[in-house]
Amino acid sequence: MRLSRRTAAAAALAGTATLALVLSGCASSGTGGGTSNEPITLTVTTFGTMGLDGLYKQYEASHKNITIKATNIDTGGNALTDWKTKQAAGNGLPDVQAVEEGWLGQVMGVSDSFTDLTKYGANKIKDRWVPWKLGQATDPKGRIIGYGTDIGPEGLCYNSKLFAAAGLPSDRDGVASLFGGKDATWEKFFEVGKQYHAATGKAWYDQSGFVWNAMVNEQKEGYYTKSGKLNVEGNSDLKGLWSQLADGAKSGLSSNQSQWDWGGGKAFTDGSFAVFVCPGWMLGVVKGQVTAAGGDATSGWDFADVFPGGAANWGGSFLTVPTTSKHPKEAAELAAWLTDAKQEVSAFQAAGTFPSVVAAQSDPGVTGDSDLTKFFNNAPVGKILASRADGVVAQFKGPDDSVIQEQVFGPSIKELDSGTAGDKAWDDAMALLKQLVTDN
């Protein structure tokens, strides 16, 4: 995610800014909308590959008075910047705002500026979602401020052609066993990577940032403890993971690609790397990148039911209704419809976003064939993601979680991939941590 860098001077204004965000949201609260026959335009802002774009026309067809004006921002980081800017200004926010899991620490700090969806029937449908997803969208006052779209259980994408050329197993079951199956570890992941590098002279994964994010996300506590305390400096678990990551980069396992770029997708088709960490929503990204580079299902990408370290969740989003909406009732109804089982199945088929709605997870539209399964060598993508979701509990995200990921560790990740020693890169990250983040 891309965030505005917080300097020491800006930090002094943080309390005032937070208060302003809350007041601006409350002062501009919507009035409740008009009658059911009144022509209404609802604005929606999403980001990345959420798989919702094809659903808006369906909703308009069954709601003749409603026109949907949708905006999709390229990345979650840019969407966060857009939300924060408009939130601070007190205007410009859409009727339905998509919020990413990594923003939750910041969102909950201004939760009063989001509509309490229990006013529009949330309690009647709250059993729709896996319990921890609903819990994430419930603020400290017990207000439900978001309807869950997807969750992000992680498996491993791998290129079967590159694996076979390196003398490694290339079928899905063989690959899962190669990494240790249910007992897969990061140690084994890097060990196999070194074998691949020795056999081919090529990098193993695209860049260290996504690997680090996956490592951190599967810990019981990440950058913050469950009680909301900063949990980075002096954290032996995180430092141990960092050492493994640093050794991997030193051993030539990182391709040092630019996040969210990959040379316009060419790195996915030219053999630059062989494995890729894949939460469900990333499957659509992989397919899109390969296609953008002129590739197709014959490019060799597959999806295995295995992940180093066990069950892990990366990402997943929510649909919220800012209090600035002039039509909160209609906006809440749209958000509820977009996150019902049938629509979450459609979103999965479009983008691989694994449903947070329980009924959708076992739907044939998720467990059966789709364009994604065809692209990933007929992998049973939905069944694999359901398997990977078993045991997932989302990690608590603190107020500066995204700042730490992007601005504290981001530069040091680039240092690792450019040859800087692990201890030096860690120390540089800790220096940035002290500059940019305070433990409230």
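Which residues in α12 meet which residues in α21? Before the answer, a reminder to myself that this is a predicted model.

**Entry 1: α12 and α21**

I looked up the contact and found L238, K239, W242 and A246 on the α12 side, meeting G422, D423, A425 and W426 on the α21 side. Sorted by class, that contact has five nonpolar, one polar and two charged residues.

Next I wanted the geometry. Two packed helices are described by the angle between their axes and the distance between the axes. Helix α12 covers residues 236-250 and helix α21 covers residues 422-436; I get an angle of about 135 degrees, with the axes 9 Å apart. That makes α12 oblique to α21. I also noted the handedness: α12 and α21 make a right-handed crossing.

**Entry 2: α20 and α21**

Then I turned to helix α20, residues 401-417, which packs against α21 at an angle of about 155 degrees, again with a value of 9 Å between the axes. Angles over 145 count as roughly antiparallel, so I wrote α20 and α21 down as roughly antiparallel to each other. Their crossing is right-handed.

For the contact itself, I listed V403, I404, Q407, V408, F409, P411, S412, E415 and L416 from α20. From α21 I listed G422, A425, W426, D428, A429, M430, L432, L433 and L436. By class I have 13 nonpolar, three polar and two charged residues in the contact of α20 with α21.

Looking back over both entries, I see G422, A425 and W426 of α21 in the contact with α12 and also in the contact with α20.

**Entry 3: cavities**

How many cavities of 30 Å³ or more does a search of the whole structure find? I got two.

I found M50, L52, T149, D150, L338, E344, A347 and T353 lining the largest cavity. That lining splits into four nonpolar, two polar and two charged residues.

The second largest cavity comes to about 40 Å³. Around the second largest cavity I noted V99, L104, V107, M108, A137, I145, G146, F318 and T320. Which element gives the most to the lining of the second largest cavity? My note says α5, with three residues. By class, the lining of the second largest cavity has seven nonpolar, two polar and no charged residues.

Key:
Residues are numbered from 1 along each chain as its sequence is written. This is a predicted model: local features need pLDDT of at least 70, side-chain atom pairs count only at pLDDT 80 or more; totals for chains, interfaces and linings use all residues. Side-chain values use heavy atoms; hydrogens and water are left out. Axes are lines fitted to C-alpha atoms, for helices over the stretch in contact, and angles run from 0 to 180 degrees between N-to-C directions. Helices (H or I, at least four residues) and strands (E, at least two) are DSSP runs, numbered from the N terminus. Angles under 35 degrees count as roughly parallel, over 145 as roughly antiparallel, 65 to 115 as roughly perpendicular and the rest as oblique. A crossing is left-handed if the near helix is turned anticlockwise from the far one by less than a right angle, and right-handed if clockwise. Contact means heavy atoms within 4.5 Å. Ala, Val, Leu, Ile, Met, Phe, Trp, Tyr, Cys and Pro count as nonpolar, Asp, Glu, Lys and Arg as charged, and the others, Gly among them, as polar. On a 1 Å grid over the protein atoms alone, a cavity is a set of points where a 1.4 Å probe fits but cannot get out, and a pocket is an open set with protein on both sides within 12 Å along at least five of seven lines; lining residues have an atom within 4 Å of a point. Grid points are joined across faces, edges and corners, and a volume is the space filled by probe spheres set on the points.
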